Amino acid sequence: MNLYLLFKSIHLIAVISWMAGLLYLPRIFVYHAENINSSNIFKTMERKLFYYIMTPAMILSWIFGLMLIFTLGFSVFNELWIQLKLTFVILLTIYHFYLGKFVSNFAINQNNNSSKFYRIINEIPTILLIIIVFIVVFKPL
């Protein structure tokens, strides 16, 4: 069996799961900020999505991404595309934990942001995803 293709497949599945959460969680925040009366339902959705789906998917994305690098050889770090990809994936990871802060704030009824704020930050992972995909496909020197 080709380990590179196995690692790549698992990496892609994990990234898709992680991205789905990164795109959906801020939408839940929008509805939560607009519907305080349904707060417990949203708190449960946010907690489960963040801790049971997004965080494990992020960890698997990192593990299998690093295994892909290991399979290719560490000389790949000399290539601009991998440096750029890792930079943007680190930004996605920071964004992930930024969302985690909001999950915690909502859990203790300390949301200080409007639904408009969550609509705006919901665009961040889309932009980063587009950049990452183009970098990986075109591999700029």
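The model is predicted: local features need pLDDT of at least 70, side-chain atom pairs count only at pLDDT 80 or more, and totals for chains, interfaces and linings use all residues. Residues are numbered from 1 along each chain as its sequence is written, and side-chain values use heavy atoms, with hydrogens and water left out. The protein chain holds five helices and zero strands. Helices (H or I, at least four residues) and strands (E, at least two) are DSSP runs, numbered from the N terminus.

**Overall build**

- Read from the N terminus, the elements of the protein chain follow the order α-α-α-α-α.
- The C-alpha trace of the protein chain spans about 55 × 30 × 20 Å along its principal axes.
- The protein chain has 141 residues, and 38% of them count as buried. Buried means under 20% relative accessible area, exposed means over 50%, and partly exposed lies in between (1.4 Å probe, protein chains only).
- Take the contacts in the protein chain between residues at least 6 apart in sequence: 80% of them join residues at least 24 apart. A contact means heavy atoms within 4.5 Å.

**Surface and charge**

- The protein chain exposes about 8300 Å². Carbon and sulfur atoms supply 70% of that area. Accessible areas come from the Shrake-Rupley method with a 1.4 Å probe; for residues, only the protein chains shown count as cover.
- There are 10 positive and 4 negative side chains in the protein chain. Lys and Arg count as positive and Asp and Glu as negative, while His and the chain ends are not counted.
- The centres of the two charge sets lie 5 Å apart. Each charge is placed at NZ of Lys, CZ of Arg, CG of Asp or CD of Glu.

**The largest pocket**

- The largest pocket holds about 570 Å³ of space. On a 1 Å grid over the protein atoms alone, a pocket is an open set of points where a 1.4 Å probe fits, with protein on both sides within 12 Å along at least five of seven lines. Grid points are joined across faces, edges and corners, and the volume is the space filled by probe spheres set on the points.
- Its lining has 26 residues. Lining residues have an atom within 4 Å of a point.
- His-11, Leu-12, Lys-85, Ile-132 and Val-136 are the lining residues nearest the centre of the largest pocket.

- Leu-25 sits in helix α1. Leu-25 is buried because its relative accessible area is 0%.
- Beyond residues up to four places away in sequence, Leu-25 touches Glu-46, Leu-49, Phe-50, Met-54, Leu-99 and Val-103.
- Leu-25 and Phe-102 are 77 residues apart in sequence, with 9.8 Å between their C-alpha atoms.
- Ser-9 is also part of helix α1. Ser-9 counts as partly exposed because its relative accessibility is 39%.
- Ser-9 and Phe-64 are 55 residues apart along the chain, and their C-alpha atoms are separated by 9.0 Å.
- Leu-72 belongs to helix α2. At 44% relative accessibility, Leu-72 counts as partly exposed.

**Around Ser-115**

- Ser-115 lies in helix α4, which covers residues 115-121. Ser-115 counts as buried because its relative accessibility is 15%.
- Apart from neighbours within four places in sequence, Ser-115 is in contact with Val-30, Ala-33 and Glu-34.
- Asn-35 occupies the loop between α1 and α2 and is partly exposed at 34% relative accessibility.
- Asn-35 and Ser-115 are 80 residues apart along the chain, with their C-alpha atoms separated by 9.9 Å.
- Leu-72 and Ser-115 are 43 residues apart along the chain, and 43 Å separates their C-alpha atoms.

**Positive phi values**

- Most residues other than glycine have a negative phi.
- Asn-109 is not a glycine, yet has a positive phi of about 55 degrees. Asn-109 lies in the loop between α3 and α4. With a relative accessible area of 55%, Asn-109 is exposed.
- Lys-139 also has a positive phi, near 40 degrees. Lys-139 lies in the segment after α5 and counts as partly exposed at 39% relative accessibility.
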